[in-house]
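Thanks for coming. I will walk through one structure today, and I will start with a question about it. Please have a look at the sequence and the model first.

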Amino acid sequence: TWATFELRASVELVSVIPESSPENGGSVCTIHGKNFPSATDVECVFGVARARATVLHSSTIVCRPPPSPPDKSRVYLQWNSGIGKSDSIEFTFYPTPTVTDVYPSRGPSQGGTV
């Protein structure tokens with residue numbers, strides 16, 4: 001019995017834009033790199049949280065980070081039910097900003113207040 005193997009260049013992550021997301025996730029991230037797989041089940045993994053990825057090109061993938069506690073993390077790609085896995089790159093989740101005060105609290109309806 002013979003087995004057939006296909007050798008592929010390793011998948012490398014070069015950058016993720018933006019490099020951070022609020023803890024509630026949801027912002028679109030673009031990951032640039034080399035040799036991205038053409039598989040249909042590619043996921044971006046942010047720490048331990050997974051998000052479905054869309055492969056745009058062998059060097060570009062987009063995904064939306066899922067909610068995750070504020071902290072520094074790593075993001076990597078996986079495919080074929082986790083059999084394939086890339087290297088990782090740093091990613092940060094930060095506390096979701098909240099508005100606590102607005103000054104001035106009122107102004108003319110036509111705007112222009114600074």
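Which residue does a disulfide join to C44? The partner is C63, with an S to S distance of 2.3 Å. By disulfide I mean a pair of cysteine sulfur atoms within 2.5 Å. C44 lies in strand 4 and C63 in strand 6, so the bond ties together parts that are 19 residues apart in sequence. The torsion about the S-S bond is about -100°, so this disulfide is left-handed. The structure holds one disulfide.

Before going on, the ground rules. This is a predicted model, in which local features need pLDDT of at least 70 and side-chain atom pairs count only at pLDDT 80 or more, while totals for chains, interfaces and linings use all residues. Residues are numbered from 1 along each chain as its sequence is written, and side-chain values use heavy atoms, with hydrogens and water left out.

Back to the cysteines. Are C44 and C63 buried or exposed? Both are buried. Buried means under 20% relative accessible area, exposed means over 50%, and partly exposed is in between, with a 1.4 Å probe and protein chains only. There is also C29, which is buried at a relative accessible area of 0%. The closest cysteine sulfur to that of C29 is in C63, at 5.9 Å, too far for a bond.

Now the sheet. It is an open sheet of eight strands with mixed pairing, and the order is 1-3-6-5-4-7-8-2. Strands here are DSSP runs of E, at least two residues long, numbered from the N terminus. Two strands pair if DSSP finds at least two bridges between them. Which strands stand at the edges? Strand 1, residues 12-17, and strand 2, residues 20-22, each have a single partner strand, so one side of each is left without a neighbour in the sheet. From one strand to the next the twist averages 35°, taken between N-to-C directions of lines fitted to C-alpha atoms, on a scale from 0 to 180 degrees.

Let me go through some of the pairings. Strand 2 and strand 8 run parallel and are joined by three bridges. There, P22 stands opposite Y94 of strand 8. Strand 7 and strand 8 run antiparallel, with eight bridges between them, and D71 has F93 in strand 8 as its bridge partner. The hairpin of these two strands has four residues between the strands, and N80 takes a positive phi near 50° in that hairpin. Strand 4, residues 43-46, pairs with strand 7, residues 71-79, in the antiparallel sense over four bridges. The bridge partner of C44 in strand 7 is L77.

C44 and L77 come up again in the core. The largest nonpolar core has 19 residues, and I31, C44, F46 and L77 touch the most other members. A nonpolar core is a set of buried Ala, Val, Leu, Ile, Met, Phe, Trp, Tyr and Cys residues joined through side-chain atoms within 4.5 Å. In soluble globular proteins, nonpolar side chains tend to be buried together. Leaving aside neighbours within four places in sequence, C44 is in contact with residues including I31, A53, I61, V75 and L77. Contact means heavy atoms within 4.5 Å.

Next, charges. How many salt bridges does the structure hold? It holds two, where a salt bridge is a side-chain nitrogen of Lys or Arg within 4 Å of a carboxyl oxygen of Asp or Glu. One is between E43 and R50, at 3.9 Å from N to O. E43 is partly exposed at 24%, and R50 is exposed at 53%. The other is between K72 and E90, with the closest N and O atoms 3.6 Å apart. K72 lies in strand 7 and E90 in strand 8, so the pair ties together parts 18 residues apart in sequence. K72 is exposed at 58%, and E90 is partly exposed at 40%.

Last, two loop residues. S68, in the loop between strand 6 and strand 7, counts as buried at 17%. Not counting residues up to four places away in sequence, S68 touches E23 and F93. V28 lies in the loop between strand 2 and strand 3 and is partly exposed at 41%. The C-alpha atoms of V28 and R64 are separated by 4.7 Å, although these residues are 36 apart along the chain. That is the end of my tour.
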